[in-house]
Amino acid sequence: MLDRTDPTFRESVLKGLAKDPKVLEPKWFYDAAGSALFDEICELPEYYPTRTEKSILEERAAEIASELGNDVILYEPGAGSLQKARILLEALEGLARFIPSDISAAHLEAAASDLRKAFPDIAIDPVACDFTKHLEMPAIADDRPVTIFFPGSTIGNFEPGQAENLLRRFRKETGARQLLIGVDLVKDRETLVAAYDDAAGVTAAFNLNLLKRINRELEADFALHQFQHHALFNESRSRIEMHLESLCEQSVSISGERFDFRDGERIHTENSYKYTPERFASLAGKAGWVKPHLWTDQNRLFGVFLFQSEEAD
Ligand code: TRP
């Protein structure tokens, strides 16, 4: 597929690196190489969230299904490869309709047609949209209640205030009655940091790939070996932070503009917020999602919550 440069990429990079401290928006991680590295992260021994969430969905599928009911429309924002949806669709026998949405229309259509083969009795109606802006509903007359499915602790990659707004919008834009959402839980620092700084260096490669992409798409000259992946747990803000740290004093040219780095200066590339069950329930409550039901694993590493919309009361 053609790797066309998003016209807003340059503007976002130049603006972020002119800030103090320097930042890059995480949405640019996902070019072809970045997406492949991300899939690899999900398989790493240190990266417990994907595996733990999957096992919760698999082991508790029957209970989740009975709480959800069959007569619902399942809607997944940012559905990607539809891997987790498969587990749920298996469990929700007789589900009528599944709406995966994703920003990449081509990727989504391919994943949807595979899914149709595996679930011939479920209507699969993909819609291309950017969930950070707006959730589209397909133009279909079906007034069954909507359940939003938002796995992967993607909610943790937003600032808590943004996360609250996002969850409120999900409810209002789809009229959803229920929200099934995966959330990574607070735990010891070692486990958390290892998940974002694995021994094989895959997460480091994922983070550094952003500089590679900037070099390739924005006529830049980052010397990749002069930057280093750095992951830390910021306990007071309850978040993992990912940074790219300059290993010396240097300057970099991007699209003809010059950016100076001090030795040790960092570019902040992503946050991953970790919640206690209570704190997440309270955030969701402010967005109009009430009556939490939590499923978790034995070690309470990860949480799958089901909320009801306050309007359904
Ligand atoms: N939302 C997941 C998390 O925060 C997945 C993820 C997003 C991620 N960006 C990442 C994982 C960067 C590792 C590195 O864990």
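1. A salt bridge here is a side-chain nitrogen of Lys or Arg within 4 Å of a carboxyl oxygen of Asp or Glu. With that in hand, you can start with a total: the structure holds 25 salt bridges. Please keep in mind as you read that this is a predicted model.

2. R97 and D142 bring their side chains together in a salt bridge, with 2.7 Å from N to O. This pair links distant parts of the chain, the two residues being 45 residues apart. R97 belongs to strand 3 (residues 97–102), while D142 sits in the loop between strand 5 (127–128) and strand 6 (146–150). Are these two residues buried or exposed? Both R97 and D142 are buried.

3. D114 and K117 form a salt bridge whose closest N and O atoms are 3.9 Å apart. Both residues lie in helix 6 (residues 105–118), and they are three residues apart, about one turn of the helix. How accessible are they? D114 has a relative accessible area of 41%, so it counts as partly exposed. K117 has a relative accessible area of 66%, so it counts as exposed, the cut-off for that word being over 50%.

4. A third pair is worth a careful look. In the salt bridge between R239 and E159, the closest N and O atoms are 4.0 Å apart. R239 is buried, because its relative accessible area is 6% and buried means under 20%. E159, at 31%, is partly exposed. Salt bridges can also share partners: D71, R97, D125, D142 and R144 are joined into one network in that way.

5. Next, step back to the domains. The domain assignment divides the chain into domain 1 (7–30 + 189–273) and domain 2 (48–187 + 274–312). In their contact, domain 1 takes part with 14 residues and domain 2 with 13 residues. The C-alpha centres of the two domains lie 29 Å apart. About 1100 Å² is buried between domain 1 and domain 2, and carbon and sulfur atoms give 50% of that area. Which residues of domain 1 lose the most area to domain 2? They are L192, S238 and Y273, which together make up 51% of what that side buries. The count of salt bridges between the two domains is one.

6. Helix 9 (residues 202–217) deserves a point of its own. Its 16 residues reach 22 Å from the first C-alpha to the last, close to the 22 Å expected at 1.5 Å a residue. Even so, there is a kink of about 30 degrees in helix 9, centred on L208. Why can helix 9 be called largely enclosed by the rest of the structure? The reason is that 12 of its 16 residues are buried. Among them are V202, F206, L208, L211 and I214, along with N207, N209, R213 and E217. After helix 9 comes E219, which has a positive phi, near 40 degrees.

7. Finally, visit two loop residues. A287 is placed in the loop between helix 10 (277–286) and strand 13 (289–296). With a relative accessible area of 0%, A287 is buried. If you set aside its neighbours within four places in sequence, A287 is in contact with E164, L167, R168 and R171. From A287 to M242 the distance is 27 Å, C-alpha to C-alpha, and the two are 45 residues apart in sequence. The other residue, S153, lies in the loop between strand 6 and helix 7. S153 is also buried, with a relative accessible area of 5%. Apart from neighbours within four places in sequence, S153 is in contact with G182, V183, D184 and F302.

Terms used
Residues are numbered from 1 along each chain as its sequence is written. This is a predicted model: local features need pLDDT of at least 70, side-chain atom pairs count only at pLDDT 80 or more; totals for chains, interfaces and linings use all residues. Side-chain values use heavy atoms; hydrogens and water are left out. Helices (H or I, at least four residues) and strands (E, at least two) are DSSP runs, numbered from the N terminus. The expected span of a helix is 1.5 Å times one less than its number of residues. The bend at a residue is the angle between axes fitted to the seven residues ending there and the seven starting there. Buried means under 20% relative accessible area, exposed over 50%, partly exposed in between (1.4 Å probe, protein chains only). Domain bounds come from an automatic or database domain assignment. Contact means heavy atoms within 4.5 Å. Buried area is the accessible area (1.4 Å probe) that two parts lose on being put together, summed over both.
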